[in-house]
Amino acid sequence: KFAAPAGTGRIAMVDTGDVAACAAAVLADPAHHGQTYTLTGPAAHSLPEVTGLIGEKLGRRIGFASPPAFVARLVLPFVTGMPRWQSNLAVDLFAAIRDGAQEAVSPDVERLTGRPAAGLDAFLADHIDAFRG
């Protein structure tokens with residue numbers, strides 16, 4: 001089971017391979033100096049959707065719970081060992097996700113690499129073994 005106080009907020013997750021390809025493109029061309037890019041995947045997904053897809057690929061159900069932020073603030077330091085300041089930052093990040101801060105999709109990966117950003121299905125196909133326990 002995965003727990004995060006993000007509700008059904010959506011995240012435009014970017015594939016690490018796309019980040020590397022974008023970095024290489026930026027480093028290879030001085031025209032990018034001083035430019036800012038927003039790297040995202042091609043679609044935004046909620047954490048319940050992501051855990052559902054991972055479970056589907058693994059052939060088992062993976063649960064998702066979204067506790068209230070105040071509960072997460074109390075419990076997270078004890079279950080993770082994080083210092084409270086760090087766990088509070090994590091809860092704040094998940095609250096921002098819940099409120100839509102990471103749902104916007106950008107065309108910058110394709111603009112920099114000349115190919116569409118990899119989607120969640122492609123990422124899971126390449127990395128599903130990392131989720132096997």
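Visitor: Before we start, how are helices and strands assigned here?
Guide: Helices (H or I, at least four residues) and strands (E, at least two) are DSSP runs, numbered from the N terminus. This is a predicted model, in which local features need pLDDT of at least 70 and side-chain atom pairs count only at pLDDT 80 or more, while totals for chains, interfaces and linings use all residues. Residues are numbered from 1 along each chain as its sequence is written, and side-chain values use heavy atoms, with hydrogens and water left out.

Visitor: OK, how many helices and strands are there in the protein chain?
Guide: The protein chain holds six helices and four strands, and from the N terminus on they follow the order β-β-α-β-α-β-α-α-α-α.

Visitor: What does the C-alpha trace span along its principal axes?
Guide: The C-alpha trace of the protein chain spans about 50 × 35 × 25 Å along those axes.

Visitor: Take α3, then; how far apart are its end C-alpha atoms?
Guide: They are 16 Å apart, which agrees with the 16 Å that the 12 residues of helix α3 (residues 69-80) should span at 1.5 Å a residue, the expected span being 1.5 Å times one less than the number of residues. Just after α3, glycine 81 takes a positive phi of about 80 degrees.

Visitor: Switching to charges, how many salt bridges does the count come to?
Guide: The count comes to six salt bridges, where a salt bridge is a side-chain nitrogen of Lys or Arg within 4 Å of a carboxyl oxygen of Asp or Glu.

Visitor: Where do arginine 115 and aspartate 18 sit?
Guide: Those two side chains meet in a salt bridge at 2.7 Å, N to O. The pair links distant parts of the chain, with arginine 115 in the loop between α5 (108-113) and α6 (120-127) and aspartate 18 in helix α1 (residues 16-28), 97 residues apart.

Visitor: And is aspartate 18 buried or exposed?
Guide: Aspartate 18 counts as buried at 2% relative accessibility, whereas arginine 115 is partly exposed at 34%; buried means under 20% relative accessible area, exposed over 50%, and partly exposed in between, with a 1.4 Å probe and protein chains only.

Visitor: What about arginine 73, which helix does that lie in?
Guide: Arginine 73 forms a salt bridge with aspartate 92 (2.5 Å, N to O). Arginine 73 lies in helix α3 and aspartate 92 in helix α4 (residues 84-98), so the pair ties together parts that are 19 residues apart in sequence. Arginine 73 is partly exposed at 27% relative accessibility, and aspartate 92 is partly exposed at 38%.
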